[in-house]
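Please look through the structure below with this briefing beside you. The notes are grouped by topic, so that each region can be found and read in turn.

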Amino acid sequence: MDGDGGGARGGGGIGARVRRKEDARHLAGRGQFTSDIRIAGMRDVAFLRSPVAHARVVSRRAPAGADLLFLDDLTGVGEIVTRSSIPGYKLSSWPVMARDRVRYVGEIVAMAVAADRAAAEDLAERAEVEFEPLPPIASCAAGRAEGAALLHPEWGDNLFLHSRFDSGIEAVAATAPVKVELDITCARQVMHPMEGKGVVAWWDHRAGMLVVQTSTQVPHLIRSGLAEVLGIPQAMVRVAAPDVGGGFGYKCLLQPEEICVAWLALTRKAAFRWIEDRREHLVAGANARQHHYTLTAYANEQGRLLGLDAQVEVDTGAYSVWPFTAVLEAAQAGGNLPGPYDFRAYRAEVFSVATNKPPFAPYRGVARPGVCFAIELTIDAIARAVGREACDVRAENLVPGSAMPYVNVTNKHYDSGDYPASLATVREQIGLDAFRAGPARDEKGRYLGIGFATYTEQSAHNTKVFAAWGLPLVPGYDQAQVKLTPDGALEVRAGIHTIGQGLETTLAQIAHSMTGVPFENIRVTLGDTATTPYSTGAYASRGIVMSGGAVSRAGEVLAGRIKAIAAHLLQTEAEQIEFRDGRIHAGAASLDYADVGRAWYLRPEQLPEDVNTAGLEVTEGYKPATDNGVFSYASHAAKIAVDPETGIVEILDYVIAEDCGRMVNPMIVEGQTYGGAAQGVGTALFEESPYDEQGQPLASTLIDYILPGPTEIPAFRISHSETLSPHTAHGIKGVGEGGAIAPPAAIVNAINDALSGLGVRITQIPATPERIRAAIAEAQA
């Protein structure tokens, strides 16, 4: 498992910068996404959604003869109930369409079916629904207030969960010479994959099976969820993911729309489709990242962090999503707030508050952009308090490489790395020392600043981690199958699905490294419950570790079987066989892989008498023996200019030093980091989904919700280290979420650095021009 077979660092194996297999179809416009699927007789679905945040449904009526359905019409459909074994967690039952009340603007009230989407939307508008308004809960403060209206009356309050962690803070609080206090706010966001959610479902009469093609990261999980809510055996359900135009976490949960459309196909034995439009996505879709931190940090005179006391509120929305629950974000916030720093006194009180907003979904970096923003602003505040350079204080507080492996105050097992080295790299590349010797303003009169942030990204979370979170479905062994074909090609099948991160390519690279089959002769099939072995899917930066490990293990077993047959054909011993240059060698003699495939499938008389009768198809499962997850990390540095008149921020330079263990494909790692960092710029400066006091969303179009474009994204400069994990196949760690974590902290620290002479402290993201101008005006006043 530790070797790289015949493909090490070249020929398309692990470490090679090969072009992505997926790009050939996507660049030519030949990908097949959910909206590209056409089935004879297919009808379109549109949903009538609640116009109010909180209300009783008094009455509902459909026009006579209209194909317009309410919840009572969906016979046999259960509610979405996400259980957790965490003490104190409260269940929410989420009906797929409103039953007796609605709890957020955009909640489904009725489903219309017509020949096309426009006709279905017109029909949905003809539904007659009467609402009796109830007091809305539009913020954590409102939800926790004395006498607040209750979203779920049976709870007695509006908390999904109230959790505490305390390693002992009082002694440090009583004696520390330096104390800093911060109030930090992160905006609610939505995710905006290029392709929104979408589902096509039909009845396969030949197989006697419900077929659901949905834009998902987790097809095997969706199969389980659909079967549970529809009340049918999983053997009756096939979930197949076509091409998926981005996931970011939004597509790893069971959606009410998927259930409704699947019910239509199941009961009517025909084909139906729903495609999310951008307004639905903004109003009713993927919400995340609305955190509020009240922090008190204690340090010594040099700025050494001694302890942290935190209260965290997470505005979680109205329901718990399946299967990840409503408390995933809050649990991650409390557990990850200490970040890459070495201290032992920590107290955190975390509130998962139910509000009249769409439910929270996991989003790239789950909670860590918020906790990184909070802890990194805290480090800079400590540096200001002691009068030292923030980069120096940060370096002295990071867990040193000599301490690895390191178990932190919240029992995170940091497996390997050198965090201070990554910070030193970006410090040098951004030119901090020369910058400090230069002018504070540029020729345009803009204030200049540099900010830093360092983070850890726990990736490949698996059984121990998810079981501790009390989730109803706990990941275990991911499986993969490899098969040598009669003509010497290699087929790889895995239940995970690619959502843009290049898994078709990287899994093929691992398979090539283990078997020596030429990279161009390897075909990868993913994400179909009927044709691929089980995987819980692509999330938590786990794909390349888990499915990559399964492909590696299956490839290793297959390689042994290939060698046994090849040795017989070459009249030598298996130990003498080598995979090299796309062929099978024994000294001066060699064979093509097709010779081995032909012997097994077509010319069995050529096989050895003791041949392994399992043949040339292998299915293996994998999870790391040490099952606590592995930790990638990076340091980011941003150089910015702030116009004090307009409040506009320009990113002049941005450097990243990252370490994700062994890189299977450095080009893909860089692409993931670029994309994540671009999203991080959006989080830092632009993206916000605000609500008014009535729970009405104020960003329902892309005029109101601002996404960064090419002119706002800097030319990121990335450098790599490769500190191998001791726990995983090939030392690989995940990298998919990391780029999105640090930019808000690095950029806002740079803004505060630039405006430090004015006394400005930005502690809220996004740091919009309006907020920056207001902060300058307040400081001047």
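Predicted model: local features only at pLDDT ≥ 70, side-chain atom pairs only at ≥ 80, totals over all residues.

**Cavities, a pocket, a helix and a loop**

The residues that line the second largest cavity divide into six nonpolar, four polar and one charged.

**The largest cavity**

- A search of the whole structure finds five cavities of 30 Å³ or more, and in the largest cavity there is about 170 Å³ of space.
- Of the 22 residues that line the largest cavity, those closest to its centre are W94, Y104, Q255, P256 and A284.
- Helices α6 (256-268) and α7 (278-284) each contribute at least two residues to the lining of the largest cavity, which by class has 14 nonpolar, three polar and five charged residues.

**The second largest pocket**

- The second largest pocket has a volume of about 670 Å³, and of the 26 residues that line this pocket, the closest to its centre are A331, G335, T410, K412 and W469.
- At least two lining residues of the second largest pocket come from each of β9 (159-166), α8 (328-336), β17 (345-354) and α13 (463-468), and α8 gives the largest share, with six residues.
- When the lining of the second largest pocket is sorted by class, 12 of its residues are nonpolar, 11 are polar and three are charged.

- Helix α19 (residues 769-780) has 12 residues and reaches 16 Å from its first C-alpha to its last, which is close to the 16 Å expected at 1.5 Å a residue.
- Which residues of α19 are buried? They are I772, A775 and I776, and these three lie on the same side of α19 because they cover an arc of only 100° around the axis.
- The face of α19 that is turned away from its buried side carries the exposed residues E770 and E778.
- The cover over the buried residues of α19 includes two strands, β28 (630-642) and β29 (649-659), together with the helix α18 (743-754).

**Residue A540 in its loop**

- A540 is placed in the loop between β23 (522-526) and α15 (543-570).
- Is A540 buried or exposed? A540 counts as buried because its relative accessible area is 13%, and the cut-off for a buried residue is under 20%.
- If neighbours within four places in sequence are left aside, A540 is in contact with Q458, S459, A460, H461 and E737.
- A540 and I522 are 18 residues apart in sequence, and from C-alpha to C-alpha they are 26 Å apart in space.

Definitions and conventions: Residues numbered from 1 in each chain as written. Heavy atoms only, no water. Helix = DSSP H or I, 4+ residues; strand = E, 2+ residues; numbered from the N terminus. Expected span 1.5 Å × (residues − 1). Buried < 20%, exposed > 50% of the residue type's maximum accessible area, 1.4 Å probe, protein only. Arc of directions from axis to C-beta. Contact = heavy atoms within 4.5 Å. 1 Å grid on protein atoms, 1.4 Å probe; cavity = no way out; pocket = protein on both sides within 12 Å on 5 of 7 lines; lining within 4 Å. Points joined across faces, edges and corners; volume = space filled by probe spheres on them. Nonpolar A, V, L, I, M, F, W, Y, C, P; charged D, E, K, R; others polar.
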